[in-house]
Amino acid sequence: MNGTRLEAFLARLYADREALNLFLRAPEDAMREAGLDEIECAAMRSADVVGLRMAARSYANKRAGRAGKHP
Amino acid sequence: MARGADQVGLGWRGELAAGIFTHLDRIDLVELIADDHFKSSPKQLRPLKLLAAQVPTTLHGVAMGLAGSEPVADFRLLNMRRLIDQLQPDSWSEHLAFVRAGGFEIGHLAAPPRTPTNVAAAVTNIERATRIVGSAPRLENIATLVDPPGSQLSEEDWIRQILEGADAPLLLDLHNLYANARNFGREPKELLLAMPLERVRGVHLSGGVWIDEPAMSGRVAGKRLLDDHIHDVPDDVFDLLEVLAAHAAQPLQVIIERDGEYPDFEVLLAQLDRARAALAKGRERLRVCKTMKAAA
């Protein structure tokens with residue numbers, strides 16, 4: 001597993017609503033497009049999808065200034 | 001203030017400035033968000049220098065991404081160094097988080113997959129930050145709504161390995177710890193006691209709100225606790241502070257963070273007093289425990 005690649009994949013899901021929607025709709029396509037290896041794909045197949053959606057929404061709110069300014 | 005005593009203070013926010021300056025007799029220290037002041041002119045920094053001359057200060061960074069697997073850009077570390085040179089705080093801190101990767105800016109703190117590879121990368125980042133900034137950061141545990149995919153280490157083992165690898169102190173955010181425990185089926189006190197408490201130097205207290213999980217087919221929606229800094233510190237978190245004070249003998253610097261929906265300043269002062277009371281109760285438990293051990 002390559003830490004940088006999986007973090008980049010997660011960062012994209014958190015920052016890009018379309019990327020998150022693609023992952024939720026067609027995870028295998030999204031992971032293949034991102035070049036994840038089999039271990040990384042396995043990690044994402046068992047991911048906490050509810051948490052991913054909630055985290056992505058929370059980050060979007062932060063970026064839009066709709067939540068507390070500081071962590 | 002007796003040397004080596006616990007200290008309790010507030011996070012500096014413009015909206016709280018008047019209250020802070022008026023009540024410095026009840027505030028032991030102030031934490032400044034460093035990133036808010038990286039581009040400040042000497043004139044803009046003057047009020048903060050005035051503050052720093054009257055009360056101990058600490059600088060808190062929010063965007064380095066020290067726990068990311070990518071190297072932190074030099075300019076982020078140099079910004080912190082310059083601000084430290086100008087304000088001469090007692091310490092500085094950052095988060096155990098990644099905030100960007102692969103060219104994507106998350107815009108906030110995210111929990112990376114907790115792996116040995118990530119530990120090694122975080123240690124490298126922190127060691128470099130220590131060299132360039134001139135002192136080791138206090139490193140803060142973050143709250144997360146998602147259990148990071150691909151994690152191979154528990155949160156407490158991941159934190160301990162990074163802190164030991166980088167020989168860095170811990171800024172323990174008790175609401176972040178509480179939120180993660182509640183969100184992922186842990187007992188908060190158990191998680192607290194599993195942390196490397198001997199490395200704690202600073203403590204953050206804040207509040208949050210329970211938010212609904214999204215509806216998904218075949219699953220009953222529950223709630224998760226969001227750390228938002230715009231609600232009062234809950235009783236459970238003050239209880240964790242008491243437990244911490246009963247188990248960590250070293251002096252603790254406690255900061256209450258409030259980022260919005262500000263109550264009357266008296267309410268914040270009352271929360272500082274509650275923190276002092278929790279510390280005092282914990283210190284008494286520690287004293288009794290030591291006395292009993294000595295007598296045994």
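Of the 71 residues of chain A, 41% count as buried, a residue being buried if 20 or more other C-beta atoms, placed from the backbone, lie within 10 Å of its own. This is a predicted model, in which local features need pLDDT of at least 70 and side-chain atom pairs count only at pLDDT 80 or more, while totals for chains, interfaces and linings use all residues. Residues are numbered from 1 along each chain as its sequence is written, and chains are lettered from A in the order in which they are written.

The secondary structure of chain A comprises five helices and zero strands, where helices (H or I, at least four residues) and strands (E, at least two) are DSSP runs numbered from the N terminus. The C-alpha trace of chain A spans about 40 × 25 × 20 Å along its principal axes.

Chain A meets chain B through 32 residues of chain A and 40 residues of chain B, two residues being in contact if their C-beta atoms, placed from the backbone, lie within 7 Å.

In chain B, eight strands close into a barrel in the order β1-β2-β3-β4-β7-β8-β9-β12, with parallel pairing; two strands pair if DSSP finds at least two bridges between them. Within chain B, strand β8 (residues 170–173) runs parallel to strand β9 (residues 200–205) and is joined to it by four bridges, and B:L170 has B:V200 in β9(B) as its bridge partner.

Definitions and conventions
Buried ≥ 20, exposed ≤ 12 C-beta atoms within 10 Å, placed from the backbone.
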